[in-house]
Amino acid sequence: MDQRLLTDLKAAIRSIPDYPKPGIVFRDITTLLGDARAFRRAVDELVHPFAGGRVDKVAGIEARGFILGGAVAHQLSSGFVPIRKKGKLPHETVRIAYSLEYGVDEMEIHTDAIGQDERVILVDDLIATGGTAVAATRLLRQMGAKIVAACFIIDLPDLGGAQKLRDLGVDVRSLVSFEGH
Ligand code: AMP
């Protein structure tokens, strides 16, 4: 990606120190989404490597992964499937538990959302420790999905999540990275 575009995308992300708790810098993409040029460029960059290839479904992680995943799916002419916090999806689901910093949470997907061997791209706004994306990867693979890639706008490489995903054999792509937490 060209350096100016990268600087522009980074500048469009708002950083909020000590949110939601002391020591965390929250990387807020609402400013990027609200900037027409930045939003388009970000989606174009996420889609670029897959243009012309076969992608059956884009799976977005609640909630910011829905906004980006919807746009990516539209541009790739793929279907979109939501991965949601437990209890939100109305039909039969498959569920997986994953650890958060304190305690555990569960995410789920409709059992009929993805067919055997469908080619799927996983999308979220940010990868930190990788707990969320690793659980989503397991869930998708459990359903028979072939994960083409996992895409994020932001990587926090110091937290090691992208590496965890790579260790699972997933092609990880991100547009910008920030040091630290
Ligand atoms: P993790 O499971 O640790 O990789 O965390 C990833 C999930 O938490 C993503 O859905 C992010 O939206 C959110 N998240 C984690 N850390 C941050 C941060 N510093 N700024 C914004 N969102 C974050």
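This report looks at one helix packing and the aromatic pairs in a predicted model.

**Helix 1 against helix 3**

Two packed helices are described by the angle between their axes and the distance between the axes. Here, helix 1 (residues 3-12) packs against helix 3 (residues 36-47) with an angle of about 120° and an axis separation of 10 Å. That angle makes helix 1 oblique to helix 3. The crossing of these two helices is left-handed. On the helix 1 side, the contact is made by Leu 5, Leu 9 and Ala 12, while helix 3 supplies Ala 38, Arg 41, Ala 42 and Glu 45.

**Aromatic pairs**

How many aromatic pairs does the model hold? The count comes to two, taking ring centres within 6.5 Å as a pair. Their geometry is set out below.

| Pair | Distance between ring centres | Angle between planes | Arrangement |
|---|---|---|---|
| Tyr 19 and Phe 26 | 5.3 Å | 90° | edge-to-face |
| Phe 66 and Phe 80 | 6.0 Å | 85° | edge-to-face |

Phe 66 belongs to helix 4 (residues 64-76) and Phe 80 to strand 4 (residues 79-85), so their pair ties together parts that are 14 residues apart in sequence.

Key. Residues numbered from 1 in each chain as written. Predicted model: local features only at pLDDT ≥ 70, side-chain atom pairs only at ≥ 80, totals over all residues. Heavy atoms only, no water. Axes fitted to C-alpha atoms, helices over the stretch in contact; angles between N-to-C directions. Helix = DSSP H or I, 4+ residues; strand = E, 2+ residues; numbered from the N terminus. Parallel < 35°, antiparallel > 145°, perpendicular 65-115°, else oblique. Left-handed = near helix turned anticlockwise from the far one by under 90°. Contact = heavy atoms within 4.5 Å. Phe/Tyr/Trp six-rings, centres within 6.5 Å; stacked < 30°, edge-to-face > 60°.
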